[in-house]
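Me: I have a model open here and want to go through it piece by piece. Can you take my questions as they come?

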Number of protein chains: 2
Amino acid sequence: MIDSFVRAAALIGLPRSIGEIYGCLYCSPEPLDFDQIEARLGISRGSVSGGLKTLRQLGAVKMHYVSGSRKDHYLPELSMERLVRGFIKDQFTPHLESSAERLAAIEDQVAAIGDPSERQHASARLQTLQTWQRRVRKLLPVALTVLGGLPSLSRKEPPADII
Amino acid sequence: MIDSFVRAAALIGLPRSIGEIYGCLYCSPEPLDFDQIEARLGISRGSVSGGLKTLRQLGAVKMHYVSGSRKDHYLPELSMERLVRGFIKDQFTPHLESSAERLAAIEDQVAAIGDPSERQHASARLQTLQTWQRRVRKLLPVALTVLGGLPSLSRKEPPADII
DNA sequence: TAACTTGTTCAAGGATAAATGAAATAAATG
DNA sequence: CATTTATTTCATTTATCCTTGAACAAGTTA
């Protein structure tokens with residue numbers, strides 16, 4: 001089962017250790033502390049520390065106070081909506097923003113091209129890129145809705161089993 | 001501009017050279033051959049060969065016959081829908097399928113757990129995973145529609161201001 | 001058939017990212 | 001405050017993936 005999370009992590013560009021740690025918490029019936037994670041996975045303290053830091057930042061784990069223990073205990077976030085939202089906010093939006101800046105810079109460069117037909121071609125390609133970016137932006141809220149398991153706003157289709 | 005494609009490639013887990021090659025073709029007003037790509041980017045023949053192979057497989061470049069030349073010439077695929085479709089088919093669907101197999105295997109293992117409460121917990125977590133997988137499956141056609149720029153089936157605009 | 005063109009394959013080298021573990025830091029306890 | 005405990009930092013090692021370029025195969029020309 002942990003392997004599933006390691007693969008999922010790899011798919012979205014996160015290191016193996018992060019998939020392992022989240023998977024470990026996901027499988028456990030109880031909150032785990034630092035040392036338990038280290039021991040169960042057999043990975044280094046450094047990896048656990050860094051992995052938990054990233055997972056906290058993503059909102060993929062929650063800290064859980066356990067009375068009688070000084071250690072921090074962790075629970076996995078089980079809401080896919082919150083997981084996806086955290087990932088988009090932390091790993092995706094920054095790319096989109098820097099991409100927008102870059103396209104704006106390119107726009108200026110294109111305007112400065114001397115040869116008219118060359119400029120025209122570059123302009124057309126740039127416009128295509130801008131369209132693509134607009135579509136990606138449009139996709140984010142839709143993806144959040146679908147992955148969050150929320151009812152779609154457009155419920156055109158009737159249930160399939162009506163006769 | 002090519003840099004944009006290098007970053008986009010990295011974002012979806014493809015090597016730098018592939019982003020460069022596609023970007024090079026995307027920027028060029030004319031189809032380019034093998035040697036032109038190698039010369040303009042200053043990368044090795046091996047990288048160009050492998051990169052073009054992957055891009056062909058993804059459907060991200062099209063071969064274009066140029067009379068009077070023995071060389072293969074390439075044009076970039078400019079339809080985002082086809083680009084996305086190729087990517088999903090080649091890089092995404094395989095993961096989804098193997099994931100489904102893995103979950104099925106886990107289902108058997110969970111059924112074999114002796115302790116009842118432990119089994120119950122594992123079963124609940126497995127179900128959550130299965131729900132997540134179902135949602136990802138559901139997302140694919142939606143993503144294709146949005147990224148492809150096709151008119152949505154729904155009359156209502158989804159809220160564009162999330163995130 | 002020899003020489004040349006075009007493109008692919010693959011072993012070796014290189015670059016990059018992740019894991020490690022010891023030392024430093026921070027926090028709680030007696 | 002000294003001491004024990006908990007966590008982070010960071011230089012180093014390790015692992016992985018990418019790139020390179022020479023050798024190779026297939027097709028073409030003279």
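Me: Which residues are the closest to DNA strand D?

Reply: The closest are A:Phe34, A:Asp72, B:Ser17, B:Ser44 and B:Gly46, and 20 residues surround DNA strand D. A residue counts as near a strand if its C-beta atom, placed from the backbone, lies within 6 Å of it. This is a predicted model, where local features need pLDDT of at least 70, side-chain atom pairs count only at pLDDT 80 or more, and totals for chains, interfaces and linings use all residues. Residues are numbered from 1 along each chain as its sequence is written, and chains are lettered from A and ligands numbered from 1 in the order in which they are written.

Me: Which elements give two or more residues to that surface near DNA strand D?

Reply: Helix 4 of chain A, plus helix 2 and helix 4 of chain B. The largest share is six residues, from helix 4 of chain A. Helices (H or I, at least four residues) and strands (E, at least two) are DSSP runs, numbered from the N terminus.

Me: How do the residues near DNA strand D divide by class?

Reply: Four are nonpolar, seven polar and nine charged. Ala, Val, Leu, Ile, Met, Phe, Trp, Tyr, Cys and Pro count as nonpolar, Asp, Glu, Lys and Arg as charged, and the others, Gly among them, as polar.

Me: And which residues come nearest to DNA strand C?

Reply: A:Ser17, A:Ser44, A:Gly46, B:Phe34 and B:Asp72, out of 20 residues around DNA strand C. Helix 4 of chain B gives the most to that surface, with six residues. By class, the surface near DNA strand C has four nonpolar, seven polar and nine charged residues.

Me: Switching to the protein-protein side. How many residues of chain B are in contact with chain A?

Reply: 36 residues of chain B are in contact with 37 residues of chain A, contact being C-beta atoms, placed from the backbone, within 7 Å. On the chain B side, helix 1 (2-11), helix 2 (16-27), helix 5 (80-111) and helix 6 (116-147) each supply at least two residues. Helix 6 of chain B gives the most, with 13 residues. The chain B side that touches chain A has 21 nonpolar, eight polar and seven charged residues.

Me: Back to helix 2 of chain B. Why call it largely enclosed?

Reply: Ten of its twelve residues are buried, so helix 2 of chain B is largely enclosed by the rest of the structure. Among the buried ones are B:Ser17, B:Glu20, B:Tyr22 and B:Cys24. Buried means 20 or more other C-beta atoms within 10 Å of the residue's own, exposed means 12 or fewer, and partly exposed is in between, with C-beta atoms placed from the backbone.

Me: What about the span of helix 2 of chain B?

Reply: At 1.5 Å a residue, the twelve residues should span 16 Å, and the end C-alpha atoms of helix 2 of chain B are 16 Å apart, which agrees. The expected span is 1.5 Å times one less than the number of residues.

Me: How many bridges join strand 2 of chain B to strand 3 of chain B?

Reply: Four, and the two run antiparallel. In strand 3 of chain B, B:Pro76 is the bridge partner of B:Val61. Strand 1 (residues 32-33) of chain B is also antiparallel to strand 3 of chain B, joined by two bridges. Strands pair if DSSP finds at least two bridges between them.

Note on methods:
Two residues are in contact if their C-beta atoms, placed from the backbone, lie within 7 Å.
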